[in-house]
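Hi there,

Here is the structure I promised to pass on. Have a look at it first, and then read my notes below.

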Protein chains: 2
Amino acid sequence: MPQNSYLKHIAYDSVVFGFSGEKLKILLMKYHNTGFYALPGGFVGVSENLNDAVRRGLKERTGLDNIYLEQFYTFGNLERYKPEVMQTILEANGGLGNGLEWLLDRFISVAYFALINYKDVIPQPDALSDSCDWYDLDTLPTLILDHAEIVKKALETLRFNLDRKLVTTNLLPTYFTMKDLQNVYEAILGEKLHRGTFQRKMLGLGVLKRHEKQYTGAANKAPFLYSFED
Amino acid sequence: MPQNSYLKHIAYDSVVFGFSGEKLKILLMKYHNTGFYALPGGFVGVSENLNDAVRRGLKERTGLDNIYLEQFYTFGNLERYKPEVMQTILEANGGLGNGLEWLLDRFISVAYFALINYKDVIPQPDALSDSCDWYDLDTLPTLILDHAEIVKKALETLRFNLDRKLVTTNLLPTYFTMKDLQNVYEAILGEKLHRGTFQRKMLGLGVLKRHEKQYTGAANKAPFLYSFED
DNA sequence: TTAATATTGTCTCATATTGAGACAATATTA
DNA sequence: TAATATTGTCTCAATATGAGACAATATTAA
């Protein structure tokens, strides 16, 4: 794609949350030959909606359409302008002179978080990256630029909105148990919740549909499966 | 300022809320010879933090420093790219050829809302505008581009966060009565609140400091004045 | 000087919500 | 058939909320 196909100075970064069943994880890219870890991000086509650009990028990394996506902040501090970082990445990938000099400019980044069903995703690296993989939120590697701050703010926003909207079902498969749902809440909030109270509250929302029981073979009463009422 | 002093494609718009004592109002600019109304906005210097650019712009319009400011969304749809609007504005101000052609490009706009004490402000127009003045939120004129949508989202965000943070004191003078505070809440929420319950809740937060009574000359019990506990 | 009036600060009471534990129901294994 | 772990639901106390009631004023009218 020729360089003038993207808007200058504007980037996006996405914090893709997944839930393994125990822990919250996010997707990180590792760049070729640099040891640099970064959030999956990209640029906005000159004839493309900002939100569409982010969905396009997520589709490339995760293969998923119709992802739950929320824009939460735009980072525009000067401290995030470190051309030497991008220079290193480009040099590790065959150097400049490929019409990629525009990447060395200052960028303002619009940040989004996505909530997706961990098991549906096979992460895909891009041309500049060795890998795109899941990392535990509580043991992340060092990230480039201000990406650690972006992750922090994403989690804060998610927590802040948790009791306003039932978004956590996006982190689970279509059918899930009440315990699965509680595990997601506890992973996001970082604290234990009372089982009876949690169950009462979730059922009280009136948006969960109860299905048949899930017989796992465990030596105990089988839990109901639920789905999100659409 | 030469054109290359600003980052291309990036703008900001600000929804400045003030409270007249009865109604919520916002600041609007009216452009010379066009009848166009718009939110106060601006651009980001190449060596300037995004947040600082917004504070600089607000300082020019309101004369105020240390304003309560919150970034709430970044608007990047293609539909907001209407170069003919900016062209009309520029032609009404002496035409192009002044090195202002970059204003005809596509812009992504980072939107902020500010909460300020209405009485502290003497609105100041800029070079392109006839006026910068307060308008009732419920009887706004037609705004350019997507500015009506920006206002709508600003109000939604303000409402959504209203019971999480005590931000409304930013809309009042240093000393205010409980009724003043309740009026602000009612104006933002668009509904009446029960007096006793409201008072109990606000005092229960433990962040209001009670001062002497306010004797206004009205034929009734004088209310206490409060300030925000810092 | 006293009564009338509007508004305030606070209280009470009914209702709703929340936090924490208790208990029966069950799906499996010993 | 008993033991065990976990689930669904209930109960009860503690808290919070919604709505009205009432005494305490600051002023005006009589």
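Let me start with a pair of helices in chain B. H4(B) and H5(B) are roughly perpendicular to each other. Their axes cross at roughly 105 degrees and come within 11 Å, and a crossing angle from 65 to 115 degrees is what counts as roughly perpendicular. If you want to find H4 of chain B, look at residues 178–189. On the H4(B) side, the contact is made by Met178(B), Leu181(B), Gln182(B) and Tyr185(B). H5(B) brings Arg195(B), Phe198(B), Gln199(B), Met202(B) and Leu203(B) to it. Sorted by class, that contact has six nonpolar residues, two polar ones and one charged one. Do bear in mind that this is a predicted model.

- His194(A) has a side-chain N or O atom 2.9 Å from a base nitrogen of DNA strand C.
- Lys213(A) places a polar side-chain atom 3.3 Å from a phosphate oxygen of DNA strand C.
- Arg210(B) has a side-chain N or O atom 3.2 Å from a phosphate oxygen of DNA strand C.

Helix H5 (195–204) of chain A and helix H5 (195–204) of chain B are the elements that give two or more residues to the surface near DNA strand C. By class, the residues of that surface are eight nonpolar, six polar and ten charged.

On to strand D. Here, too, 24 residues surround the DNA strand, and the closest are Asn220(A), Phe224(A), His194(B), Arg200(B) and Asn220(B). Of the DNA strand D atoms within 4 Å of the protein, 53% belong to sugar or phosphate, with the rest in bases.

- Gly217(B) has a backbone N or O atom 3.3 Å from a sugar or linking oxygen of DNA strand D.
- Ala219(B) has a polar backbone atom 3.4 Å from a base nitrogen of DNA strand D.
- Asn220(B) has a polar backbone atom 2.7 Å from a sugar or linking oxygen of DNA strand D.

The elements giving two or more residues to the surface near DNA strand D are H5 of chain A and H5 of chain B. That surface divides into eight nonpolar, six polar and ten charged residues.

Most residues other than glycine have a negative phi. His9(B) is not a glycine, yet its phi is positive, at about 75 degrees. Asn66(B), also not a glycine, has a positive phi of about 50 degrees. With a relative accessible area of 11%, His9(B) is buried, because buried means under 20%. Asn66(B) is in the loop between helix H1 (50–62) and strand S5 (68–75) of chain B. Its relative accessibility is 78%, so Asn66(B) counts as exposed.

Cheers

Terms used: Residues are numbered from 1 along each chain as its sequence is written. Chains are lettered from A and ligands numbered from 1 in the order in which they are written. This is a predicted model: local features need pLDDT of at least 70, side-chain atom pairs count only at pLDDT 80 or more; totals for chains, interfaces and linings use all residues. Side-chain values use heavy atoms; hydrogens and water are left out. A polar contact is a pair of N or O atoms within 3.5 Å; within protein, one must be able to donate a hydrogen and the other to accept it, and residues adjacent in sequence count only if both atoms are side-chain atoms. Helices (H or I, at least four residues) and strands (E, at least two) are DSSP runs, numbered from the N terminus. Ala, Val, Leu, Ile, Met, Phe, Trp, Tyr, Cys and Pro count as nonpolar, Asp, Glu, Lys and Arg as charged, and the others, Gly among them, as polar. Axes are lines fitted to C-alpha atoms, for helices over the stretch in contact, and angles run from 0 to 180 degrees between N-to-C directions. Angles under 35 degrees count as roughly parallel, over 145 as roughly antiparallel, 65 to 115 as roughly perpendicular and the rest as oblique. Contact means heavy atoms within 4.5 Å. A residue is near a molecule or strand if one of its heavy atoms lies within 4 Å of it. Buried means under 20% relative accessible area, exposed over 50%, partly exposed in between (1.4 Å probe, protein chains only).
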